[in-house]
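Welcome! Have a look at the chains first, then try each task before you read on.

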Amino acid sequence: MTSSAPRNKRRRVLLIGAGLVGGALAIGAYRFYRERDRLSPPRALRATASETVLTGWIKLSTDGTVTVQVPRQEMGQGVVSTLALIVAEEMDADPALVRFEEAPVDPFYANATILGDAVPFRAEDMSTLAQMNRVTQFKLGEMLGIQTTGGSTSVRDAWHPMRQAGAAARAMLLQAAAARFGVTRDALTVANGVIEHKASGKRATFGELAVEAGKVPIPREVELKDPARFVLLGKPQPRLDIPPKVDGSARFGIDTRIPGMYFAAITQCPVFGGSVAALDAAKAKARKGVLDVFDIPATSTSAAAVVVVAEHYWIARAALAEVSIRWNEGPNAGFDTDAQRERYEQLLGQGDARVYDRAGDVAAAQGGNGKRVTADYFVPYLAHATMEPINCTAVVRSAGSCEVWVGHQAPTLVKWFAARTANLDSSRVTVHTPYLGGGFGRRFEVDVVVQAVMIAKRLTDTLVQLIWSREEDMTHDVYRPMAASRLRAALDADGNVVSWQHRIVSQSCTGSLTARLLPMAASDLMKDKTTSEGAFDLAYALPNRVVEHVLMHEPIPVGYWRSVGHSLNAFFVESFVDECAAAAGKDPVAFRTALLRDAPRHRKVLELVAEKAGWNTPPPAGVGRGVAFAESFHSIVAQVAEVEISNGVLRVRRVVCAVDCGFAVNPDIVVAQMESAIVFGLTAALHGEITVKAGRVEQSNFPSYEMVRLASAPRIEVHIVNSGLEHLGGIGEPGTPPIAPAVCNALFKLTGKRIRSLPIRL
Amino acid sequence: MVSFVINGNAVEVDVDPDTPLLWVLRDHLGLTGTKFGCGVAACGACTVHLDDRPVRSCVMPVSACAGKRVATIEGLRQGDRLHPIQQAWVDAQAPQCGYCQSGMIMAAVALLRANASPSDADIDAAITNVCRCGTYARIRRAVHAAAANMKKARGEE
């Protein structure tokens, strides 16, 4: 009995390893083929005495409150409100009585879609290999049971089960009402949380029926609403998380406050891969309020560091400045990003690469007598710089348990890594995930969790909140990869693209993350889709094409950064498409429209943005207008940027954006996410650059890693295309990829100069 | 010991006088609505009011607050009702992750106190805080709306 848990854990680790190298062989056939139950409440779901559990997603209180279990983390994208609304719609609940609650960490709530999306095959590729990979990845996602928020997958993953849960709860309530009123179910009507029998005038609220409804078995077959009858979805709805975010009451991880807790400040080795050689903490230890000063070793997920634990954060921080530390800088003390860039640029023209997509005959197509276009592009490392500095609160209790509070995109990983660090079974770990003060991919990492639990383990029964300074955050991020790219095209006499070759040189985010989480499973065997997404899977008609990637390994850790590979590949591809249009003497929108001849949905988005931006009327004097287009996370986004230069400073004055995410569940959130993603991408295009000298990141805080601010934020107009539920796509990330190329293409119109390296330098 | 008035109530805190006001608020007074963002006065997440003027509390030693009035986001609500600026924020659905919003709101309150009908340029100059979610357009809209509503409430139209 007691031995089964560790074995389970080991098996899980094996499964991840197996999955990451692309094989499903280690997986039992029964579990593979079993349909996942996404309705029955998991044991981890707890209810109070006044609450009835109606499926694993809904608790109904006798006072009528509907509490939706939301297993995705709120980091600004509005997910808690969107998911709660989906349930409310199918239930016909009174939206004023709908609340949300952080779901417990349980495989029931796992996000399988995120892994299902991660295969390096074009969408139309229905080959056995592609299909096998998709199914395997999705099934793997189900079996690993990782609760995670990312890849713009939340709505797509939850859409069916949460609608089903709402409909099932509604059916249970109807059956309870029918029994109470002594009538048939079809004689009843439901609206706004009230069930009525019009003929007799009998009525009951959901709250009044809660207890009886809880006794009805969960129906497996329920009819979902015809979307034409949606009353909440598809219309702007106020977000549930906004009231606490305007009065200071919203609790982020860093706001965790428990009586008797201590605070820890940290300095990590400034050189990647280094360690602590010696430290003198005498002075720091003597400071009033300091509990302990010690060093913690590097792990596969976290850097070696010196930590001060004190009664208050400021004491810890002040004492940390008094610790004298000698670092063993290790093998990367000479690492330099300028030299790295040179290496990458050399590899654009020599050496092996892995092909992500190939069609037609590139060499033969190049033989014509049309124009040739070639261009090299470059993007630097980027930091996430979430507004809430990285932090984690933890306690390891002598009774053999661990509790962790952390704003995190993958609570399941928090649980596993806290357990491993504390040397406990994961069933002994409780994870609380308050609001995230920004995620953008940074909060997939478990570095701070491992460090906090190491500290808590040393100081058993003491609750410690570890806070990284902004400087620690910026110098110990997992960065968006540096990448170099070469594009070559041949155009025929009519300006059609007859040959397209693209080579990208970069590290792999997925490989880097795997090496951190599971060093033993790290392998280059499987291609990481994210290196080449947005480059190999284009909707453009390119009959003769090769898209290839050169995989690099560097001591700088890289990670997922809002829209991941798309954010850089859209810059490469869309800048180059613009160069091809110019070489062909064609209008950039018309040129793209022709390339989208096989993609009517995509064409519509491009045509809409052109129309709304007034593309066919000249911009005001001194203003350049540029367009870019990108499909990512199953959504299609086109943007037109208008730029001007005043006193030598580039200013983006206006961005017009069109988006097709299939169906805008909450259109106001779609607009907000486009606005957000555009500003995020614009910050990268205008300012973002992380450089490394002597193994150390040179930027350390906002003054040296600047942000777009109110004064430099453009006016943004967003237009939504609802092409249908069958095209449901993500919304948190797809707004970011097109903005950098749209701005650079606009700048070309204005100045005649191409920007081929970011950030933009005039 | 440093004494000052916080959201209308007198307090006395026993801390090193060099401690930044931010950490006194968060760790000694339990007022976690004011946020730590950068520690170098570069992002504005920690904006509070010192005698009605906006200050970045992460670099403001608490000793500089002795005998003065400090106001934080927690003190903005007027009884059960949101401050008109908070209401404008809700109406504009401005916050996303929300982490920077306390500082943004405090900067906006200070701006409207000094300038009842700010222009876009006035807003640009007064609100220099960082929002990583890019809520700037909605913040601008909310400031204008709050200015209009506050004028209306004063009967100025």
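Helices (H or I, at least four residues) and strands (E, at least two) are DSSP runs, numbered from the N terminus. This is a predicted model, in which local features need pLDDT of at least 70, side-chain atom pairs count only at pLDDT 80 or more, and totals for chains, interfaces and linings use all residues. Residues are numbered from 1 along each chain as its sequence is written, while chains are lettered from A and ligands numbered from 1 in the order in which they are written.

**Exercise 1. Work out which residues of helix H19 of chain A are buried, and what they pack against.**

Step 1: Within H19(A), residues 588–595, the buried ones are A:Pro588, A:Val589, A:Phe591, A:Arg592 and A:Leu595.

Step 2: Look down the axis of H19(A). The buried residues fall within an arc of 160 degrees, so they line one face of the helix. The arc is that of the directions from the helix axis to the C-beta atoms.

Step 3: Name the partners. In chain A, the buried residues of H19(A) pack against strand S20 (497–507), helix H18 (564–584), helix H20 (600–613), strand S22 (624–632) and helix H22 (739–751).

Step 4: Take one partner, H18(A). Its axis and that of H19(A) are 9 Å apart, and the two helices pack at an angle of about 105 degrees. H18(A) and H19(A) are therefore roughly perpendicular to each other. Axes are lines fitted to C-alpha atoms, for helices over the stretch in contact, and angles run from 0 to 180 degrees between N-to-C directions. Angles under 35 degrees count as roughly parallel, over 145 as roughly antiparallel, 65 to 115 as roughly perpendicular and the rest as oblique.

Step 5: Identify the touching residues. From H18(A) come A:Val577, A:Asp578, A:Cys580, A:Ala581 and A:Ala584, which meet A:Pro588, A:Phe591 and A:Arg592 of H19(A). This contact has six nonpolar, no polar and two charged residues. Here Ala, Val, Leu, Ile, Met, Phe, Trp, Tyr, Cys and Pro count as nonpolar, Asp, Glu, Lys and Arg as charged, and the others, Gly among them, as polar.

**Exercise 2. Describe how H2(B) packs against H3(B) and H5(B).**

Step 1: Start with H3(B), residues 101–114. The axes of H2(B), residues 84–91, and H3(B) come within 10 Å and cross at roughly 125 degrees. That makes H2(B) oblique to H3(B).

Step 2: Find the residues that meet. B:Ile85, B:Gln86 and B:Trp89 of H2(B) touch B:Ile105, B:Ala108, B:Val109 and B:Leu112 of H3(B). By class they are six nonpolar, one polar and no charged.

Step 3: Turn to H5(B). The axes of H2(B) and H5(B) come within 8 Å, crossing at roughly 135 degrees. H2(B) is therefore oblique to H5(B).

Step 4: Look at some of the contacts. Residues of H2(B) including B:Pro84, B:Ala88 and B:Asp91 meet residues of H5(B), among them B:Ala142, B:Asn149 and B:Met150. The contact divides into nine nonpolar, one polar and one charged.

**Exercise 3. Sum up the contact between the two chains.**

Step 1: Chain B gives 46 residues and chain A gives 48 residues.

Step 2: H5(B) supplies four residues, the largest share of the side of chain B that touches chain A.

Step 3: By class, that side of chain B has 25 nonpolar, 15 polar and six charged residues.

**Exercise 4. Locate a cis peptide bond in chain A.**

Step 1: Most residues other than glycine have a negative phi, and most peptide bonds are trans.

Step 2: The bond from A:Leu758 to A:Pro759 is cis, with omega near -5 degrees. A:Pro759 is found in the segment after H22 of chain A.

Technical notes: Two residues are in contact if their C-beta atoms, placed from the backbone, lie within 7 Å. A residue is buried if 20 or more other C-beta atoms lie within 10 Å of its own, exposed if 12 or fewer, and partly exposed in between; C-beta atoms are placed from the backbone.
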